[in-house]
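Q: I have a structure open and would like to go through it. Can you take my questions one at a time?
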Amino acid sequence: MSCAQTHLHKVELQTKDYKTDTKPFWCPGCGDHGVLTSVYRALSELGVDPNYLVNISGIGCSSRLPYFVRSYKMHTLHGRAGPVATGVQLARPDLAILVNGGDGDGFSIGGGHMPHLARKNINMTYVLMDNRIYGLTKGQVSPTSQRQLKAYTTPYGGVEEPMNPILYMLTYGASFVAQTLATNVKMTAQMIKEGMEHKGFSFISVLSQCPTFNVIDDAKSFKGSAEEVQEGHDVGDIDAAMHAVNMAHKNNRIPVGLLFRQERSTLDERMADLVKQVGGSPDYDLRKIIDLARP
Amino acid sequence: MDKNDLIIRVAGEGGEGIISTGDLITQACARTGLEVYTFKTFPAEIKGGYAMYQTRASTKPLYNQGDTFDVLCAFNGQAYDLNRSRLLPGTAFVYDGPGGDFEPDVPPGVFAYPIPMTVTAKELGNTKAKNMVALGALSHLFNIPEQALREIITAKFSKKGGTVVEGNLNAFTRGRELAAALPKTDPWNIGVPTEKNDTIVLSGNDAIGLGAIIAGLDFFAAYPITPATEIARYVARHLPKRGGTLIQAEDEIASVSQVLGASFAGKKAMTATSGPGLALMGEMLGMSFMSETPCVVVNVQRGGPSTGLPTKHEQSDLFLSIFGSHGDCGRIVLSVEGVEDCIGLTVEAFNLAETYQCPVLLLSDGSLAFSTQTIPYPDPASYKIVNRKRWDGKKEYQRYTITDDFISPMADPGTPGGMHIATGLEHDQAGEPNYTAANHEAMQAKRFRKLDAVVKNFTPAEVDGEGDSDLGIIAWGSTIGVVREAISRLRAEGVSVKGFYPKLLWPMPVEQFEAFGASCRKVMVAEVNFQGQLAHFIRAETNLRPVSYTICGGLPFTPAMIVGKAKEMLK
C-alpha cells in the first residue's frame with residue numbers, strides 16, 4: 001500500500017513525544033480523551049515527523065485537539081477546517097494533514113464542504129469526533145442527535161431525524177471510510193493509522209461520548225450497539241459498504257471497522273499532472289504570457 | 001477630418017456578435033498604435049437582452065469611456081430606441097436597414113447610413129456574419145484600419161477552418177462595398193497615430209490576473225461570480241505555466257479558507273470575488289487578521305445591495321471592505337483606477353499582505369472589469385516583489401513575538417523548531433489561548449500598530465494640480481479617470497480646480513487628505529453609490545467637510561457630469 005501522507009518524513013518517536021505541555025480541557029469521561037490517545041498512538045506507530053504534520057480543526061470541544069498534539073496546526077473557524085486544510089494540502093502536498101472536528105462542525109455549519117473534500121479526494125485524514133450534541137455551547141441537539149434527546153433547545157425532546165455521517169461520506173465519494181468507538185483505542189488508533197497511510201481523503205467517524213450533556217448516547221450504549229464489520233466484507237466494494245451501513249442503521253446498530261477503501265488519484269496529483277502537461281515551471285518566462293496581450 | 005478622439009458604439013441584441021465586433025475594432029485600433037479605452041454593458045441573462053460595446057480610440061492617452069458616442073451602430077430597434085436620445089446633431093448613425101427590424105426616424109443633423117446587415121448576411125448564406133457586414137461598413141466609413149481588421153478576423157477564425165475565415169472576410173468586404181456606395185456626409189474618421197509605442201491591450205480583470213502572476217502567485221481559489229470571474233479564467237489559463245494551481249471551491253467561504261490554508265503553508269495565495277462573495281468571507285478575514293496570515297482578496301464591485309444589479313457598475317462596497325468582519329478587525333484596502341493599476345496594485349497587494357501579515361483587499365469595479373485599455377508593455381522585472389519575513393532559526397521560536405515593528409517572523413510547516421498554531425482564538429506571543437485583559441490589549445495593539453507603517457510607506461495619493469484652488473475633487477476607483485478629464489476641461493475654461501486620487505483607502509492617509517482639503521476652497525467627492533461611502537469616511541476621519549456627489553444608476557460618471565457639478569458648486 002502506498003503511504004502518501006507520511007512516506008516522506010518519518011522519524012522514530014514515542015507517543016509522549018507527540019504530547020504538548022497543554023493539558024486537555026475536556027470533562028472527565030469525555031470520549032475525546034480516547035481519541036487523543038489514539039492519535040498519539042497512530043502518529044508514533046507511523047513515525048510521522050511532527051515538523052511535517054499539520055493538525056487542523058474548526059470550533060467545538062473536539063476542535064481543541066490540535067493544542068495537545070506537537071505539530072504545525074491551525075485552529076480555524078466553525079465548520080471551516082476542511083477547506084482550510086484543502087489549501088494547506090494543495091499548497092504543500094508533502095505535508096501530512098490531520099483534521100479533527102465534531103458533528104456540528106463537520107455536518108451542520110461545515111456540511112457544505114464535506115462532499116467536495118470527498119469527491120475531489122483531497123489527501124488528508126478527517127477524524128470526526130461525533131458526540132451527537134453541541135458540547136462547547138452546553139448541550140444543544142446536533143445533526144446526529146437521536147430524536148428523543150431532551151437537550152438545551154429541545155426541552156420536550158427533539159423533532160428532527162438524525163443523519164448518518166458515514167453513509168453520507170460513502171455517497172459523497174470518500175475513498176476511505178471507517179467508524180470506531182472512542183473507547184476502543186486500539187481500533188481507533190489502527191483506523192487513524194490506516195487512514196493516514198491511505199492516499200486520498202480518509203474519513204474516520206469516531207463515536208465519542210459526551211457524559212456531560214448527552215444523556216442517552218453514553219459509552220455503554222455505544223458499546224452495546226456496536227457491531228464489527230463482518231469478516232469477509234469486501235472493503236473495495238462500495239455497494240457492500242453502503243449495504244452494511246444501511247442494514248446496521250435499520251437494526252439500530254453501529255457498524256465499526258473499515259467499511260470502504262479505494263485507490264484513486266488525489267487532487268494534488270491531478271493538478272501536478274496539469275502543470276506537467278502545460279510544461280509549467282516557476283522559471284517560465286512571464287514575457288511569454290504578457291506577449292499574448294499584444295494587439 | 002480625422003478626429004483625434006473618436007467614440008464608436010456598437011449596440012444590439014446579446015448573441016448577435018456585438019461584443020466581438022467591438023473587440024475587433026479595439027484590437028485593430030490598438031494594433032495601429034492608437035490608445036483605446038472600451039466600455040461595455042451586457043444583460044444579466046445569457047441569451048438575448050441589450051448588449052453594448054463602445055470603443056474610444058485616440059492618438060492621446062485616455063482615462064475614461066468619454067461622455068457619449070460620435071458614431072452609433074445599431075443592430076436592432078431596441079438599440080436604436082435606447083440610444084435615440086443621444087443621437088445629437090453631428091453624430092453618425094449606422095443601422096441595419098432596409099430589411100432590419102426597425103425604421104428609424106432619424107433626428108435632424110444626424111448623419112445616417114442604412115446598411116442592410118441582416119439582408120446581406122442572408123444573401124451570403126451566413127446569417128451569423130451580420131456583424132461582419134456591420135464591421136466592414138464601419139471600417140470603410142470611419143477609416144478603421146482595414147488591413148489590421150483583416151488580419152485579426154483571419155486569426156480569430158483560423159481555428160474554425162478556412163471556410164469560416166473566408167465567409168467572414170467576404171461579409172466584411174461586402175460591408176465595405178455597401179458603405180462605399182453611400183456618400184460620406186459626416187466629418188468623422190478615426191485618428192492616425194504619429195508614433196507606435198510598445199503596448200498591450202488588457203481588460204481590468206485580466207490585468208489583475210497578470211499582476212498576481214507577476215507578484216508570484218502560487219495558489220488561486222475561485223468561486224464564479226459576476227463581474228469577477230474573468231480573473232479566475234485568466235489565472236486558470238496562465239498560472240499552471242508558472243507551476244501554480246487554481247482550485248474552484250464550493251463557495252466563497254471555502255475559497256477564502258483555502259487561501260488562508262495555502263498562505264499558512266508558506267505560499268502566496270488569493271481569491272477574487274464581488275460584493276456578495278466578500279460578505280460571505282467576512283469571518284475568515286477576521287481569522288486572517290487575528291492569526292496574522294497573509295491573504296489577498298480582490299473585490300470587483302457590482303450594483304447592490306443583495307443580488308442587486310449583477311452586471312452593472314457601482315462603487316458601493318467600501319463600507320463592507322473596510323469594516324466587514326466582526327470584532328475590531330484591521331486590514332489594508334487598495335483601489336485601482338485603471339488597467340495599469342490592476343497590474344501594479346495587485347503586485348502591491350501581495351507585497352503588503354506579505355509584509356504586514358493581514359488581509360489585503362483590492363477593489364475594482366464593474367466598469368473596469370470589462371474595460372479594455374492600451375497600456376505600456378509591463379516589464380515584469382520592473383516590479384518590486386516582497387516576500388514575508390521568515391524565522392531565522394536562531395532563538396527559540398514564538399510565532400507572535402512582539403518585535404520593534406510589531407511584525408513577527410513566520411515559519412513554514414516543515415521548518416524544524418518552527419512548530420506553532422495559527423488560531424482565531426486570542427493568544428499570547430507563543431500562540432497559546434489567553435483571554436486576560438492585559439494580553440488582549442497588548443495583542444490587539446500589536447496587530448493594529450504594525451499597520452501604522454502602511455500609510456508612511458505607501459506611495460502618497462496623487463494630487464492633480466498645484467497651489468490653492470477654488471475646487472478640489474476627490475475620487476476613487478475608475479471614477480478617477482473621469483475626474484482627470486473633467487479637470488482638464490474645467491482648466492481649459494479657466495476654472496481653478498485640483499484633483500485628489502487616493503489608491504490606499506484604508507488605513508486612510510489622513511494627513512494627505514487634510515493637506516489637500518486645506519488648499520481648496522470647496523471639496524467634492526464623486527463616487528458611484530447612494531450613501532457617499534468615501535465621503536462618509538472623509539467626514540469621520542479628517543477635518544474635511546466635502547460635498548458628496550453620488551450617482552447609482554449602474555453606469556459610471558461621464559466627464560461632462562463632473563464638469564456640470566463643479567460649475568454648479570462654484571456658482
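Predicted model: local features only at pLDDT ≥ 70, side-chain atom pairs only at ≥ 80, totals over all residues.

Q: Fine. How many residues of chain B are in contact with chain A?
A: On chain B there are 53, and they meet 44 residues of chain A.

Q: Which element of chain B gives the most to that side?
A: H9(B), with 9 residues. Helix H9 (252-264) is one of several elements that each supply at least two residues there; the others include helix H1 (18-31), helix H7 (204-215) and strand S17 (421-423) of chain B.

Q: And how do the residues on that side divide by class?
A: The side of chain B that touches chain A has 31 nonpolar, 13 polar and 9 charged residues.

Q: You listed S17. Which strand of chain A is joined to S17(B), and by how many bridges?
A: Strand S2 (residues 72-75) of chain A, by 3 bridges. The two strands run parallel.

Q: What is the bridge partner of Met74(A) in S17(B)?
A: Ala422(B).

Q: Changing topic: which domains does the assignment give for chain B?
A: Domain 1 (2-190), domain 2 (209-382), domain 3 (389-458) and domain 4 (462-570).

Q: How many residues does the contact between domain 2 and domain 3 of chain B take from each?
A: It takes 16 residues from domain 2 of chain B and 15 residues from domain 3 of chain B. The C-alpha centres of these two domains lie 24 Å apart.

Q: Which elements give two or more residues to the domain 2 side?
A: Helix H10 (275-290) and helix H12 (339-356) of chain B. H10(B) gives the most, with 3 residues. By class, that side of domain 2 of chain B has 9 nonpolar, 5 polar and 2 charged residues.

Q: Now helix H16 of chain B. What span should it have, and what does the model show?
A: H16 (residues 479-492) of chain B has 14 residues, so at 1.5 Å a residue it should span 20 Å. Its end C-alpha atoms are 20 Å apart, which agrees.

Q: Which residues of H16(B) are buried?
A: Among them are Ile480(B), Val482(B), Val483(B), Arg484(B), Ile487(B) and Leu490(B).

Q: What do the buried residues pack against?
A: The buried residues of H16(B) pack against strands S18 (462-464), S19 (469-475), S20 (497-501) and S22 (520-527), and against helix H19 (559-570), of chain B.

Q: And what follows H16(B)?
A: Gly494(B), whose phi is positive, near 90°.

Notes
Residues numbered from 1 in each chain as written. Chains lettered and ligands numbered in written order. Domains from an automatic or database assignment. Contact = placed C-beta atoms within 7 Å. Helix = DSSP H or I, 4+ residues; strand = E, 2+ residues; numbered from the N terminus. Nonpolar A, V, L, I, M, F, W, Y, C, P; charged D, E, K, R; others polar. Expected span 1.5 Å × (residues − 1). Buried ≥ 20, exposed ≤ 12 C-beta atoms within 10 Å, placed from the backbone. Pairing = 2+ DSSP bridges.
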